[in-house]
Amino acid sequence: MVSLNDILTRKEKPALLIGNGINIHGGDSTSSWVGLLGALSRQQGLRLTADERKEMSNTEFFDILDLAHPREDRSSLQSEFCDLMKGWRHTVHHETITGWAHRHGRPIITVNFDENLSRSKQLELFHPKKGFTDFYPWSSYFSDRRVDDPRSEFAIWHAHGMMKYSRSIRLGLTHYMGSVQRARSWVYNRKNSLREVIKNGGGEWHGSDTWLEVIFFCPIVIFGFTFGKDENFLRWLFLERAKLQKITPEPPKKIWFVVKDDEGSDSRRLFFKRLGVEFVTVPDYPDIYENEAWQS
């Protein structure tokens with residue numbers, strides 16, 4: 001079975017898709033999205049039983065919290081969520097993992113809203129030369145230089161938004177559906193859609209300068225991310241990636257999903273296996289975040 005060390009030291013280095021596990025490892029109990037949602041729930045005075053909470057995904061829970069938000073309160077729940085993250089700090093493994101990606105010129109996509117990865121290397125935020133929107137800053141990234149090709153250059157991209165722009169935060173089911181609608185129009189409906197460009201033999205599509213280019217075309221290793229049933233948007237993107245591989249002349253790129261031994265459920269394995277995702281198991285979290293291959 002392939003190991004994380006094998007993946008990180010192979011000739012064609014993967015892009016990284018990183019979840020909040022990187023903040024929880026070596027952090028404190030406040031570095032949890034479930035904990036932040038619980039704090040917002042207490043602020044809103046919304047009390048749910050354990051069974052009621054269990055019936056809701058995190059995305060649905062956020063939308064319920066948003067509905068409970070007083071109409072006379074003009075502040076957004078997204079802003080309140082960002083305020084609760086202001087005390088989060090990067091650790092050694094943030095810097096080590098970001099350093100690996102920088103040395104090898106590999107992109108990082110994170111579903112996190114905080115800037116711990118970029119702060120660990122004091123990176124600059126770059127915006128597109130035209131067309132920036134703080135609601136969907138999909139063409140904005142952190143790096144030490146401007147990026148021309150998202151596939152082959154180092155940058156840190158925030159798939160679900162960044163705390164610098166609270167309106168960009170994708171937390172609720174409504175937010176995720178909006179993201180799917182936006183991305184789907186780029187893949188299917190627009191002039192120079194991704195599928196049209198592929199069928200015509202190449203060219204630039206609407207998402208060529210965004211993190212979607214990485215998701216669709218790079219080898220990727222995923223870690224720190226449960227990739228649960230509530231991840232509607234990213235699950236849809238990986239389904240589309242699998243469909244695109246059937247019409248593109250490019251050889252399919254590998255995806256590896258790194259999990260702790262006791263966290264890879266059989267049902268989840270079946271879903272991802274159909275998408276060409278290979279599970280890689282490790283004994284414990286230090287085998288991910290403190291792996292010696294990050295020094296390569």
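A residue counts as buried under 20% relative accessible area, as exposed over 50%, and as partly exposed in between. The model described here is predicted. Lysine 253, at 27% relative accessibility, therefore counts as partly exposed.

**Salt bridges**

The count of salt bridges comes to 11. Lysine 253 forms one of them with glutamate 12, and the closest N and O atoms of the pair are 2.9 Å apart. Lysine 253 lies in the loop between H12 and strand S7 (255-260), and glutamate 12 in the loop between helix H1 (4-9) and strand S1 (15-18), so the pair ties together parts that are 241 residues apart in sequence. Glutamate 12 has a relative accessible area of 36% and is therefore partly exposed.

Arginine 151 forms a salt bridge with glutamate 250, with 3.4 Å between the closest N and O atoms. This pair also links distant parts of the chain: arginine 151 is in the loop between S4 and strand S5 (156-158), glutamate 250 is in the loop between H12 and S7, and the two are 99 residues apart. Arginine 151 is partly exposed at 24% relative accessibility, and glutamate 250 is partly exposed with a relative accessible area of 30%.

Glutamate 115 forms a salt bridge with arginine 119, the closest N and O atoms being 3.8 Å apart. Here glutamate 115 is buried, at 8% relative accessibility, whereas arginine 119 is partly exposed, at 38%. Glu115, Arg119 and Lys164 are linked in a network of salt bridges. The three pairs are listed below.

| Lysine 253 | Glutamate 12 | 2.9 Å |

In soluble globular proteins, nonpolar side chains tend to be buried together. The largest nonpolar core in this model has 61 residues, and Trp211, Phe216 and Leu237 have the most contacts inside it. Helix H12 (residues 232-244) gives the most to this core, with 6 residues. Leaving aside neighbours within four places in sequence, phenylalanine 216 is in contact with Val187, Leu194, Trp205, Leu237, Glu240, Arg241 and Leu244. A second, separate core has 28 residues, among them Phe142, Phe154, Ile288 and Tyr289.

**Helix H3**

Does the end-to-end span of helix H3 agree or disagree with what its number of residues predicts? At 1.5 Å a residue, the 12 residues of H3 (residues 33-44) should span 16 Å, and the end C-alpha atoms are 16 Å apart, so the two agree. The buried residues of H3 are Trp33, Leu36, Leu37, Gly38, Ala39, Leu40, Ser41 and Gln44. The elements that cover these buried residues include helix H4 (50-54), helix H5 (58-68) and helix H6 (77-84). Just after H3, glycine 45 takes a positive phi of about 70°.

**Serine 143**

Serine 143 is placed in strand S4 (residues 141-143). At 0% relative accessibility, serine 143 is buried. Its side chain makes a polar contact with the side chain of aspartate 144 at 3.3 Å. A polar atom of the serine 143 side chain also lies 3.4 Å from the backbone oxygen of arginine 145. Not counting residues up to four places away in sequence, serine 143 touches Leu123, Glu124, Phe126, Phe154 and Ala155.

**Arginine 268**

Is arginine 268 buried or exposed? Its relative accessibility is 14%, so arginine 268 counts as buried. Arginine 268 is found in helix H13 (residues 266-274). Beyond its neighbours within four places in sequence, arginine 268 is in contact with Thr226, Phe227, Arg235, Phe257, Val259, Glu263 and Phe279. Its C-alpha atom is separated by 22 Å from that of arginine 53, which is 215 residues apart from arginine 268 along the chain.

**Cysteines**

A search of the whole structure finds 0 disulfides. Cysteine 82 is buried, with a relative accessible area of 4%. Cysteine 218 is also buried, at 3% relative accessibility.

Methods: Residues numbered from 1 in each chain as written. Predicted model: local features only at pLDDT ≥ 70, side-chain atom pairs only at ≥ 80, totals over all residues. Heavy atoms only, no water. Helix = DSSP H or I, 4+ residues; strand = E, 2+ residues; numbered from the N terminus. Buried < 20%, exposed > 50% of the residue type's maximum accessible area, 1.4 Å probe, protein only. Contact = heavy atoms within 4.5 Å. Expected span 1.5 Å × (residues − 1). Core = buried A, V, L, I, M, F, W, Y, C linked by side-chain atoms within 4.5 Å. Disulfide = S-S within 2.5 Å. Polar contact = N/O pair within 3.5 Å; in protein donor to acceptor, adjacent residues only side chain to side chain. Salt bridge = Lys/Arg side-chain N within 4 Å of Asp/Glu carboxyl O.
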